[in-house]
Amino acid sequence: MKAKFRDMLKSQKVIVICSLILFLLFLITIFAPWIAPNDPIAVNLAHKLQPPSLEYPLGTDHLGRCTFSRILYGARISLGFAFLIFISALSMGLIIGIISGYVGGWVDQLLMRFGDGLMAIPSLLFVLGFVGIWGAGLKQVVLGLILVQWVYYARVIRGMVLSLKEQNYITAAKISGSSTWIIMKKHIIPNVLPSLAVMGTLEMGWAIMNLSSMSFLGLGVQPPTPEWGAMIHEGKSYIRTNPALMIYPGLMIMLVVITFNLLGESLSERFGVKRR
Amino acid sequence: MGTYVLKRIMTIIPIFLIATLLTFGMINLSPVDPAEAYFTAAHIQATDEMLEQKRHEFGLDQPLLIQYVNALIKICQFDFGISYVTNKPVWEEITSRMPATIQLTIGSLLIAILVSIPIGFLAGMKKNTGIDHFSRFLSFIGASIPSFWLGYLFIFFFSVKLDLFPVEGTGTWKHLILPSLTLAFPLIALYTRLLRASVLENLQESYVLFARTRGIHEKVIMGKHVLRIAISPMITGLGMNLGNLMTGAIIVEAVFSWPGFGRYFIDAIFNRDVPVIQGYVLLAAGLFLISNLIVDLIQMYIDPRISRKGRQYQ
């Protein structure tokens, strides 16, 4: 009993710490213009490749731009778009998953086989192909990531809806004359949302990582917009003289992804949600 | 058993068909006119007449359904069309660059297996000890570190600072180490984690209890029974990950200037070389499906509970 209590406290501790870090990051993304000491895209060749100083806390890059300010602004892009991807993929998955699970029959078959075909293509490769055909750019990358991601939510949701459908209270609701829409809104969606929140936490890390990978390849965020993956791409040429240029943004990606993964893991352990 | 294998093979075909339909749809929905893309990629200023002729050559003036069926027939003959940029068949381009990529993926798979089996197995056997904590740490870091960044960190420490390995290029085994290690890192994380969880789960099974009550030595139980079955999710992971490995290789090749297919693919994306993109995506899908099939068959062979042979004893 005591050990169980201590275990719970321990997992809570992780949840609390991770939530705090994420809250801090959230504040940074909101207040970046006020925290950042310099303009993230202001080029100043006279101050290029400077070591850390009071004016430039983390030094400057090859164009004399403040690395610290760029990292702060980069959080906006990474977190903001990761959240957009998560919300869009989730909504799409929720709608399709519920339709598939609730309606069943050939609709279900059609949607799920379509999902199988999509899942046969490695997700990042699909995004690369999508960007290749529709052209490079942040918009295409974000859309591509949403298009590969919804299918995972849809499958999980469909499974949950299928098992929920057999529950007595759904039958009771049906018998008492509730419309399909009311059943969805009042009984099914509230039941699947907690699991989705946990899944989403894990997916946020995935989205941030892949968004930065695409920017690193030069396909996503275009210069001079500050983004962590793009910063590594720009900093890699200075690996011998100024390794800090590529080390800091990478550290940020890792920190954020670890935080999301740890949080998701702890939440899923606590609420007994299975990972996909 | 024969019918099971046959059934399993049959499930692949519709999925692959849907994947081809998806890529076909993606290309046809895009605002890019293949004929125009062809001339842009080849750096030719095209007249309307030339465009019209190219469209006819590509069969773009035919109904969509016929276009799709024609494309499908060609795909079945490994004909993915001709690259807009190099004017060579895509299949030739892919196969000529594949050996370097395959070398890289096999190297990383070897590293991943050699590292993760001992760590994951020991971590599962000795839960909450030092090795277990290490394995959890490793799987967290491995799952969260961006591979392109890890590649540059390796270059920075091992090539620039310590001068142990060459920065980029190919040739000797030394060139292979850093790229393979970079590509292997997320796999190590995943496999260690899978194996640990699976060992822990299997230790709760009644066959372990039965073996213990029979007085069989712990080492035999672990080595002969538990490891054999616990490794099964890891093999599934291996099959599921082949696709990710193919995309991971694209990024790692970009970091280390590895002369595999990945770099060519990135160029194709920038040039909008549609046949190359389509060819590689479909190839990856096909490989993914086939590797999953093979994994299922291997599992059937390894795990006596799945195959017929084991069932006879039950």
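This is a predicted model: local features need pLDDT of at least 70, side-chain atom pairs count only at pLDDT 80 or more; totals for chains, interfaces and linings use all residues.
**Notes on the A–B interface and a pocket in chain B**

1. The partners are R193(B) and E265(A), whose side chains meet at 2.5 Å, N to O. Polar contacts between chain A and chain B come to 5 residue pairs, with both residues at pLDDT 80 or more.

2. On the chain A side, five helices each supply at least two residues that touch chain B: helix 3 (105–120), helix 4 (123–134), helix 7 (180–216), helix 8 (228–235) and helix 9 (244–271). Helix 9 of chain A gives the most, with 11 residues. By type, this side of chain A divides into 29 nonpolar, 10 polar and 6 charged residues.

3. Now for the extent of the interface: 45 residues of chain A are in contact with 45 residues of chain B. The area buried between the chains is about 4,100 Å², and carbon and sulfur atoms give 81% of it. Do look at L125(A), I133(A) and W134(A), which supply 17% of the area that chain A buries against chain B, more than any other three residues.

4. The second largest pocket is also worth a visit, with a volume of about 830 Å³. It has 28 lining residues, and those closest to its centre are F58(B), A71(B), K74(B), G81(B) and Q278(B). Helix 4 of chain B provides the largest share of the lining, 5 residues. In all, the lining divides into 14 nonpolar, 9 polar and 5 charged residues.

Methods
Residues are numbered from 1 along each chain as its sequence is written. Chains are lettered from A and ligands numbered from 1 in the order in which they are written. Side-chain values use heavy atoms; hydrogens and water are left out. Contact means heavy atoms within 4.5 Å. Buried area is the accessible area (1.4 Å probe) that two parts lose on being put together, summed over both. A salt bridge is a side-chain nitrogen of Lys or Arg within 4 Å of a carboxyl oxygen of Asp or Glu. A polar contact is a pair of N or O atoms within 3.5 Å; within protein, one must be able to donate a hydrogen and the other to accept it, and residues adjacent in sequence count only if both atoms are side-chain atoms. Helices (H or I, at least four residues) and strands (E, at least two) are DSSP runs, numbered from the N terminus. Ala, Val, Leu, Ile, Met, Phe, Trp, Tyr, Cys and Pro count as nonpolar, Asp, Glu, Lys and Arg as charged, and the others, Gly among them, as polar. On a 1 Å grid over the protein atoms alone, a cavity is a set of points where a 1.4 Å probe fits but cannot get out, and a pocket is an open set with protein on both sides within 12 Å along at least five of seven lines; lining residues have an atom within 4 Å of a point. Grid points are joined across faces, edges and corners, and a volume is the space filled by probe spheres set on the points.
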